[in-house]
Amino acid sequence: MDVPLWIALLVVGYLGIKLFRPPVWLICVLLLGGYLLADSLFGSVIDTAVK
């Protein structure tokens, strides 16, 4: 099943805010940082490390 990245980010952000109650700005920074990191040179390095 292929899920668009933006839907997955919304779900993770929503669950993170509801379950852990961190500041909203922290969730936004982490999600945006992860999205930008996945699209960079480090994305392939992280992909091979996770697999």
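1. Let's start with the surface. The protein exposes about 4600 Å², and carbon and sulfur atoms supply 75% of that area. Accessible areas here come from the Shrake-Rupley method with a 1.4 Å probe, and for residues only the protein chains shown count as cover.

2. Before going on, a word on the source. This is a predicted model, where local features need pLDDT of at least 70, side-chain atom pairs count only at pLDDT 80 or more, and totals for chains, interfaces and linings use all residues. Residues are numbered from 1 along each chain as its sequence is written, and side-chain values use heavy atoms, with hydrogens and water left out.

3. What is it built from? The protein has 3 helices and 0 strands, and from the N terminus on the order is α-α-α. The radius of gyration (taken over C-alpha atoms; the globule rule is 2.2 Å times the number of residues to the power 0.38) is 12 Å, well over the 10 Å the rule gives for 51 residues, so the protein is more spread out than a compact globule. Helices (H or I, at least four residues) and strands (E, at least two) are DSSP runs, numbered from the N terminus.

4. Along the principal axes, the C-alpha atoms fill a box of roughly 30 × 25 × 15 Å. Of the 51 residues, 8% count as buried; buried means under 20% relative accessible area, exposed over 50%, and partly exposed in between (1.4 Å probe, protein chains only).

5. Now look at α1. With 16 residues, α1 reaches 22 Å from its first C-alpha to its last, close to the 22 Å expected at 1.5 Å a residue (the expected span is 1.5 Å times one less than the number of residues). Trp-6 lies in this helix, residues 5–20, and is exposed at 56% relative accessible area.

6. Trp-6 also belongs to a nonpolar surface patch of about 1200 Å², whose members include Met-1, Ile-7, Leu-10, Tyr-14 and Phe-20. Patches are made of residues with over 30% relative accessible area and no salt bridge: like charges are joined within 9 Å, nonpolar side chains (Val, Leu, Ile, Met, Phe, Trp, Tyr) within 5 Å. A salt bridge is a side-chain nitrogen of Lys or Arg within 4 Å of a carboxyl oxygen of Asp or Glu.

7. Just after α1, Arg-21 takes a positive phi of about 55°, in a residue other than glycine. Arg-21 sits in the loop between α1 and α2 (24–38) and is exposed, at 63%.

8. Finally, Thr-48 is found in α3, residues 42–50, and is exposed at 60%. Its C-alpha is separated by 21 Å from that of Met-1, 47 residues apart along the chain.
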